[in-house]
Amino acid sequence: MNQNRTKKTILINSAKTIFIEKGYDQTTVEEICNIAGVAKGTFFYYFETKQHIIYEMLRQPVVEIKREFNRNLAYANSSLEKLDLALDIIFSPKEKHMETV
């Protein structure tokens, strides 16, 4: 994992931690940066606003579902199998995909 990806991930994980503890509205970008151990400028390098970090948290599970679908698509031989695969992935236990949120 490259350094940029790592810093972004650290910021996201730090934000999750403090959002759970204090709530979104009560959390400042400065607090997220303090927990992450990065400068405020680093936050704004990756995220335009605090709202954008929430967007990224919600986007990650969707990206993972898409990745899983594409990985497994090669094993489906017919349109019916592809549909079945899509439904299995979409309706799989949400905990699997939501653990990143």
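The model is predicted: local features need pLDDT of at least 70, side-chain atom pairs count only at pLDDT 80 or more, and totals for chains, interfaces and linings use all residues. Residues are numbered from 1 along each chain as its sequence is written, and side-chain values use heavy atoms, with hydrogens and water left out.

**View 1. The protein chain as a whole, with six helices and zero strands.** From the N terminus on, the order of elements is α-α-α-α-α-α. Helices (H or I, at least four residues) and strands (E, at least two) are DSSP runs, numbered from the N terminus. Of the 101 residues, 30% are buried; buried means under 20% relative accessible area, exposed over 50%, and partly exposed in between, with a 1.4 Å probe and protein chains only. The accessible surface comes to about 7,100 Å², and carbon and sulfur atoms hold 56% of that. Accessible areas come from the Shrake-Rupley method with a 1.4 Å probe; for residues, only the protein chains shown count as cover. Among contacts with a separation of 6 or more, 52% are between residues 24 or more positions apart, a contact being heavy atoms within 4.5 Å.

View 2. Glu-56 counts as buried because its relative accessibility is 5%. Leaving out residues up to four places away in sequence, Glu-56 touches Lys-8, Ile-12 and Phe-47. With Lys-8, Glu-56 forms a salt bridge whose closest N and O atoms are 3.8 Å apart. Lys-8 lies in helix H1 and Glu-56 in helix H4, so this pair ties together parts 48 residues apart in sequence. Both Lys-8 and Glu-56 are buried. A salt bridge is a side-chain nitrogen of Lys or Arg within 4 Å of a carboxyl oxygen of Asp or Glu. The side chains of Glu-56 and Arg-59 are joined by a polar contact of 2.8 Å. A polar contact is a pair of N or O atoms within 3.5 Å; within protein, one must be able to donate a hydrogen and the other to accept it, and residues adjacent in sequence count only if both atoms are side-chain atoms.

**View 3. Salt bridges Lys-22 to Glu-31 and Arg-71 to Glu-64.** A search of the whole structure finds five salt bridges. The closest N and O atoms of Lys-22 and Glu-31 are 2.4 Å apart. Lys-22 is partly exposed at 32% relative accessibility, and Glu-31 is partly exposed at 23%. For Arg-71 and Glu-64 the closest N and O atoms are 3.5 Å apart. Arg-71 is partly exposed at 48%, and Glu-64 is partly exposed at 29%. Elsewhere, salt bridges that share partners join Lys-8, Glu-56 and Arg-59 into one network.

**View 4. Phe-91 in the loop between helix H5 (79–90) and helix H6 (94–98).** Phe-91 counts as exposed because its relative accessible area is 64%.
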